[in-house]
Amino acid sequence: MSLRLLRLFLVFAALGWGVTVVGVFASWPQVNAIVQGLGAKYIAYDPMLDYCLRMMSGAFALIGLWYLALAIW
């Protein structure tokens, strides 16, 4: 029973972290629309911010992938 519960939590963690993969593939106007929907103001395009967004989104998506691998194993 406890392993099933752990597996369920790992799957939910994988989904929570894995949703960040959107930031890797979204264009800058799409990212602005998403963050404005969350209440932020418009962010002017800056290549360094774009790079930082994609790198952090990729790293967080890898964490989600790791949780998914643990849930499957």
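Residues are numbered from 1 along each chain as its sequence is written, and side-chain values use heavy atoms, with hydrogens and water left out. Because the model is predicted, local features need pLDDT of at least 70 and side-chain atom pairs count only at pLDDT 80 or more, while totals for chains, interfaces and linings use all residues.

Let me start with Asn32, which lies in helix α3, residues 28-37 (helices are DSSP runs of H or I, at least four residues, numbered from the N terminus). Asn32 has 4% relative accessibility and therefore counts as buried (buried is under 20% relative accessible area, exposed over 50%, partly exposed in between, with a 1.4 Å probe and protein chains only). Its side chain reaches the backbone oxygen of Ile43 at 2.9 Å (a polar contact is a pair of N or O atoms within 3.5 Å, where within protein one must be able to donate a hydrogen and the other to accept it, and residues adjacent in sequence count only if both atoms are side-chain atoms).

Turning to the aromatic rings, a search of the whole structure finds 2 aromatic pairs (rings of Phe, Tyr and Trp, the last by its six-membered ring, pair if their centres lie within 6.5 Å; planes under 30 degrees apart are stacked, over 60 edge-to-face and the rest tilted). The rings of Trp17 and Phe60 have centres 5.5 Å apart and planes at 65°, so this pair is edge-to-face. Trp17 is partly exposed at 33% relative accessible area, and Phe60 is partly exposed at 35% relative accessibility.

Conventions. Helix = DSSP H or I, 4+ residues; strand = E, 2+ residues; numbered from the N terminus.
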